[in-house]
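The model is a predicted one.

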Amino acid sequence: MPRFKRPTGTQDILPQEQPYWHHVVQTAERLALRYGYGRLDTPIFEETALFARGVGGATDIVEKEMYSFKDKGGHDLTLRPEFTAGVVRAYIENGMQKLPKPVKLYSIGPIFRYERPQAGRFRQFHQFNAEILGVADPLADLETMLLAWDLYEHLEFGGLSFQLNSTGCPTCRPGYIEALVAHYRAHYDQICDDCKRRLETNPLRVLDCKKAQCQPVIASAPRITEHLCDDCRLHFQTLRGYLDTLGKPYTINPRLVRGLDYYTKTVFEVWAEGIGAQAAVCGGGRYDGLVELLGGPPTPAVGFAAGIERVVMVMKAQGVAVPPLPAPTFFIAWLEKSARPLAVRLLVELRAADLGVQMAMGGSLRSQLRQANRRGARFVLIVGGDELARGEVACKNLLDGGQESFPLENLAERLRRLEAGG
Ligand code: ATP
Ligand code: MG
């Protein structure tokens, strides 16, 4: 048993996992930049009050899941449990409201939530997050949804679909909540204790309950889409019209909610086949009230966050291939100890010429060749013996076993051609 173990719910992302991560992050960044988003990096911790306000006191995240602490100066800080609050704080603090609209921002990094760990659910995980600020038109909703969709298409996911709902706005939501609460009161003896509590603190969240006993009550609950005001109904219709035009499959999911006043209108998730219960690979929606709530001017906004661990899980489950990371093609071995200084010089020169080269750290020639094989090299340069006396090195091709001698002069050029297959 090792003396130290990583904290529950965290992961070591080992080198052999990195091709997946690299591919996902690179694809996400390439698309975001190409679609006109700028990268924003915010601190990993913020004032606790920012999240209490920006995520909302009556949410699971704030009630149960935050990593909060006092630093040595007595400041109340929290490791970010999501990106949006920090992004909006940065938007206001850096005067981005003066920029031409829309302001499009993306971020990538670790997120912390004290959750019950299970497959696809961690306490430290990573998100790719994108936000569009300053546009009320459903075109902005569509634009964020397309970025999410295109990301998964570029990653070659199968079985993709949108889950879509509208959560209304402060005009129409109170009427809906009244109807919802009445329905729940009528079934009060059937629902779980958490939902009884939610009815008092954050009634919309009952729709999100995962307990078996609550499922029939959810299924028979009134639907918010039947309570939308004209503005919200038109917004929803327009967005659906765009999705229909583009032929993107979506399911209206009346259970999809964000239980807070400043989340408005559109809410969506992307689901992918292959990871069972944790099917959501991203979640997003509109939050027209948040910028103002955090002290900025009234600013409509919409965004989404994709969980990278879940994306990697889907890639594995669906057998999506990823390109390998760059690895050294060449390996330098030596015949006798006296050849080492030249081997080292060769290593440095070839690297300076931008070739991928490693060198044996010790052992007989046999064991050096074994090391080269194990490290995935394609060619071994053997320094020493008769070749060295002639100003040459032997080059062994590990794939076909062939060997030839190359002059030290212009060696880098020679090897570059060899690497390219010429
Ligand atoms: P869930 O319903 O799965 O708990 P959520 O509504 O809490 O998701 P969001 O806050 O919308 O999720 O976060 C966006 C995405 O981040 C999710 O779709 C998911 O892919 C990912 N995610 C959320 N929580 C975790 C976690 N604990 N571990 C790994 N990924 C997560
Ligand atoms: Mg959650």
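H5 passes H9 in a right-handed crossing in this predicted model. The points below set out this contact, then two further helix pairs, an aromatic pair and the domains.

**H5 and H9**
- Helix H5 spans residues 138-154 and helix H9 spans residues 230-246; the two pack at an angle of about 45°, with 9 Å between their axes.
- That angle makes H5 oblique to H9.
- On the H5 side, the contact is made by Pro 138, Leu 139, Asp 141, Leu 142, Met 145 and Leu 146. These meet His 235, Thr 238, Leu 239, Tyr 242, Leu 243 and Leu 246 in H9.
- By class, the residues of the contact of H5 with H9 are nine nonpolar, two polar and one charged.

**H1 and H5**
- H5 also packs with H1, at an angle of about 135° and with the axes 10 Å apart.
- H1 and H5 are therefore oblique to each other, and their crossing is right-handed.
- From H1, Val 24, Thr 27, Ala 28, Leu 31 and Ala 32 meet Leu 147, Asp 150, Leu 151 and His 154 of H5.
- The contact of H1 with H5 comprises six nonpolar, two polar and one charged residue.

**H1 and H11**
- Helix H1 (residues 18-34) packs with helix H11 (residues 308-317) at about 115°, and their axes lie 10 Å apart.
- H1 and H11 are therefore roughly perpendicular to each other.
- This crossing of H1 and H11 is right-handed.
- H1 contributes Tyr 20, Trp 21, His 23, Val 24 and Val 25 to the contact, and H11 contributes Ile 308, Glu 309, Val 311, Val 312, Met 315 and Lys 316.
- Eight nonpolar, one polar and two charged residues make up the contact of H1 with H11.

**Aromatic pairs**
- Nine aromatic pairs are found in a search of the whole structure.
- One of them joins Phe 45 and Phe 69, with ring centres 6.3 Å apart and planes at 75°, so the pair is edge-to-face.
- Phe 45 is in strand E2 (residues 45-47) and Phe 69 is in strand E3 (residues 67-70). The two residues are 24 residues apart, and the pair links distant parts of the chain.

**Domains**
- The chain is divided into domain 1, made of 15-172 + 228-317, and domain 2, made of 330-420.
- Between the C-alpha centres of domain 1 and domain 2 the distance is 50 Å.

Technical notes: Residues numbered from 1 in each chain as written. Chains lettered and ligands numbered in written order. Predicted model: local features only at pLDDT ≥ 70, side-chain atom pairs only at ≥ 80, totals over all residues. Heavy atoms only, no water. Domains from an automatic or database assignment. Axes fitted to C-alpha atoms, helices over the stretch in contact; angles between N-to-C directions. Helix = DSSP H or I, 4+ residues; strand = E, 2+ residues; numbered from the N terminus. Parallel < 35°, antiparallel > 145°, perpendicular 65-115°, else oblique. Left-handed = near helix turned anticlockwise from the far one by under 90°. Contact = heavy atoms within 4.5 Å. Nonpolar A, V, L, I, M, F, W, Y, C, P; charged D, E, K, R; others polar. Phe/Tyr/Trp six-rings, centres within 6.5 Å; stacked < 30°, edge-to-face > 60°.
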